[in-house]
Amino acid sequence: MGQTTRAGWVALVGVACGVGAGCAQPPKGYLERRGADLADCFHFTIGYGLIAYSRVKFTDWAVLGMGVAGRERWGWRGRYGDRGWERARGGDIYIGDVGYEAGFPLVANEEGSDAAGSRVSTLGPFITRRRYAWDLEPPRWGKVADKFWIGLAGTGGLSLEIGFNVAELLDFILGLWTIDLTGDDTWAPKPLPAEPPGGSP
Ligand SMILES: [Ca+2]
């Protein structure tokens, strides 16, 4: 039970780091770093969207998407994914993550967020390229780990994405011995440019 309580607490620290203002700074200390590593293992976002789309992914080398949709979702997308509700790009507070997704099995799949500037493009089922929001670009091995997401996404009125990353899980486990597989222990988002004077109310 002690182990479970501890793991839950560590996860909370990581999530708090992710969604809180503190994440502009790298996580400090052992527990915050382990929490951030653990939080990177999961995606969970929920919202709404039209028309209809579904996608199955088993790493970046097996992606099957079907349909087309525009959607807005809120939730957790790891440290490199757009998180919405942050005071961020362009000085605006935007809520949620407005994006698009389109796919045709074995031909192509495309998912992206206009707000974040992030995009994941798959040609056929195997060749996937990622574009990151400039301030959320992962470290080199973090980009490699990002290829190992396994998950489902679907939109049709309700919009939902769940995902699990085995490479990030390995990073978390090795991190317990302070081995930083993905080189993300000192990672932080790049600072946003200062707002022009009088540029915001
Ligand atoms: Ca790490």
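This is a predicted model: local features need pLDDT of at least 70, side-chain atom pairs count only at pLDDT 80 or more; totals for chains, interfaces and linings use all residues.

User: How many helices and strands does the protein chain have, and in what order do the elements run from the N terminus?

Analyst: Helices (H or I, at least four residues) and strands (E, at least two) are DSSP runs, numbered from the N terminus. Here the protein chain has four helices and seven strands, and from the N terminus on these elements run α-α-β-β-β-β-β-β-α-β-α.

User: Which strands pair with E1, and in what sense?

Analyst: Two strands pair if DSSP finds at least two bridges between them. Strand E1 (residues 42-58) is joined by 14 bridges to strand E7 (residues 149-165), and the two run antiparallel; within this pairing His43 stands opposite Gly163 in E7. E1 also pairs with strand E2 (residues 63-76) in the antiparallel sense, over 14 bridges, where Ala52 stands opposite Val68 and Val56 opposite Leu64. The hairpin of E1 and E2 has four residues between the strands, and Thr59 takes a positive phi near 70° in it.

User: How are helices H2 and H4 placed relative to each other, parallel or antiparallel?

Analyst: Axes are lines fitted to C-alpha atoms, for helices over the stretch in contact, and angles run from 0 to 180 degrees between N-to-C directions. The axes of H2 (residues 29-39) and H4 (residues 166-175) come within 8 Å and cross at roughly 160°, which makes H2 roughly antiparallel to H4, a label given to angles over 145 degrees.

User: Which residues bring H2 and H4 into contact?

Analyst: Two residues are in contact if their C-beta atoms, placed from the backbone, lie within 7 Å. On the H2 side Arg33, Arg34, Asp37 and Leu38 meet Glu168, Asp171, Phe172 and Gly175 in H4. By class, this contact of H2 with H4 has two nonpolar, one polar and five charged residues, where Ala, Val, Leu, Ile, Met, Phe, Trp, Tyr, Cys and Pro count as nonpolar, Asp, Glu, Lys and Arg as charged, and the others, Gly among them, as polar.

User: Are Ile46 and Ser113 buried or exposed, and why?

Analyst: A residue is buried if 20 or more other C-beta atoms lie within 10 Å of its own, exposed if 12 or fewer, and partly exposed in between. Ile46, in strand E1, is exposed because it has 12 other C-beta atoms within 10 Å. Leaving out residues up to four places away in sequence, Ile46 touches Arg73, Trp74, Gly75 and Leu160, and its C-alpha atom is separated by 5.5 Å from that of Trp74, 28 residues apart along the chain. Ser113, in strand E4 (residues 108-113), counts as buried because it has 23 C-beta neighbours inside 10 Å. For the protein chain of 201 residues, 35% count as buried.

How values were computed:
Residues are numbered from 1 along each chain as its sequence is written. Angles under 35 degrees count as roughly parallel, over 145 as roughly antiparallel, 65 to 115 as roughly perpendicular and the rest as oblique.
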